[in-house]
Amino acid sequence: MLHPGSFSASRARLSSALFAALLIFAGAEAQTGAEAQASTEAQASAEAQRNSETRDQALTRLRSPDAATRLAAAAVLAETGEQEDLPHILSHLFDPDQRMRASAEAAIWAIWSRSGDAAADQMFEVGLTQMREGQLKPAVDTFSRVIALRPDFAEAWNKRATLYFLLGEDDLSLLDCHEVLKRNPHHFGVLAGYGQIYLRKGDLPGALNSFEQALAINPNMGGVRASISAIREILIRRDGRFI
């Protein structure tokens with residue numbers, strides 16, 4: 001929530017700010033859904049060829065003009081893709097097919113969530129379960145252990161940053177966000193996270209800048225897009241100029 005002292009505006013403007021914050025959380029919820037699963041159609045299309053199609057074949061099929069073929073390839077890469085495949089998949093966040101954009105996002109989250117170390121990945125899953133069950137502080141400890149084991153694993157830093165944000169530890173969250181971007185400069189989730197933190201701190205220009213960076217990488221974040229519009233409206237009313 002924004003501090004009322006950040007504004008000399010009317011209640012209507014403050015309500016707009018709160019509305020923007022709510023939109024951000026709606027966007028985060030949609031992001032979690034994309035992270036959890038690819039589209040049903042993509043999974044079904046990939047099932048028949050999953051056992052025989054290699055990762056290299058899937059990367060080739062990702063360039064197909066046929067949307068169903070691209071969907072199947074994205075589902076395969078969600079299971080088998082590696083970090084070096086991400087540039088090929090990130091481009092499909094701008095795919096002309098809406099289903100493919102969702103599947104590309106799901107594949108990206110799946111790849112980000114694999115460290116390449118079985119022990120770290122198992123511990124990471126424990127942390128995710130703790131998050132889902134609302135065990136925030138134990139989850140912080142779990143992801144801290146993952147980070148100690150694999151400090152190059154950007155997604156462990158991201159999950160701990162999320163937990164710190166939920167616990168109200170914004171400065172600690174920002175530090176972990178910095179660590180994520182050192183390792184993964186295309187992490188649109190963390191860029192959106194910066195925006196959430198800056199918004200809560202009352203730094204609307206900072207929030208706007210972060211949200212715009214996130215949207216430049218992933219244009220499918222509807223909550224972030226709506227929040228950008230709401231923040232711009234507030235800044236126009238507050239400062240009397242277009243941002």
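**Close-up 1. Arg-70 sits in helix 4, which covers residues 67–80.** Helices here are DSSP runs of H or I with at least four residues, numbered from the N terminus, and the model is a predicted one, where local features need pLDDT of at least 70, side-chain atom pairs count only at pLDDT 80 or more, and totals for chains, interfaces and linings use all residues. Residues are numbered from 1 along each chain as its sequence is written, and side-chain values use heavy atoms, with hydrogens and water left out. With a relative accessible area of 7%, Arg-70 is buried (under 20%, using a 1.4 Å probe and protein chains only).

**Close-up 2. The side chain of Arg-70 meets backbone oxygens.** That side chain reaches the backbone oxygen of Ser-64 at 3.0 Å. A polar atom of the Arg-70 side chain also lies 3.1 Å from the backbone oxygen of Pro-65. Leaving aside residues up to four places away in sequence, Arg-70 touches (heavy atoms within 4.5 Å) a set of residues including Arg-61, Leu-62, His-92, Asp-95 and Met-100.

**Close-up 3. Helix 11 (residues 188–201) pairs up with helix 12 (residues 204–217).** Their axes, lines fitted to C-alpha atoms over the stretch in contact, come within 8 Å and cross at roughly 165°. That makes the two helices roughly antiparallel (angles over 145 degrees, on a scale from 0 to 180 between N-to-C directions).

**Close-up 4. Here are the residues where helix 11 meets helix 12.** Among them, Phe-188, Leu-191, Tyr-194 and Tyr-198 come from helix 11, while Leu-204, Ala-207, Phe-211 and Ile-217 come from helix 12. The contact residues divide into eleven nonpolar, five polar and no charged.

Notes: Buried means under 20% relative accessible area, exposed over 50%, partly exposed in between (1.4 Å probe, protein chains only). A polar contact is a pair of N or O atoms within 3.5 Å; within protein, one must be able to donate a hydrogen and the other to accept it, and residues adjacent in sequence count only if both atoms are side-chain atoms. Angles under 35 degrees count as roughly parallel, over 145 as roughly antiparallel, 65 to 115 as roughly perpendicular and the rest as oblique. Ala, Val, Leu, Ile, Met, Phe, Trp, Tyr, Cys and Pro count as nonpolar, Asp, Glu, Lys and Arg as charged, and the others, Gly among them, as polar.
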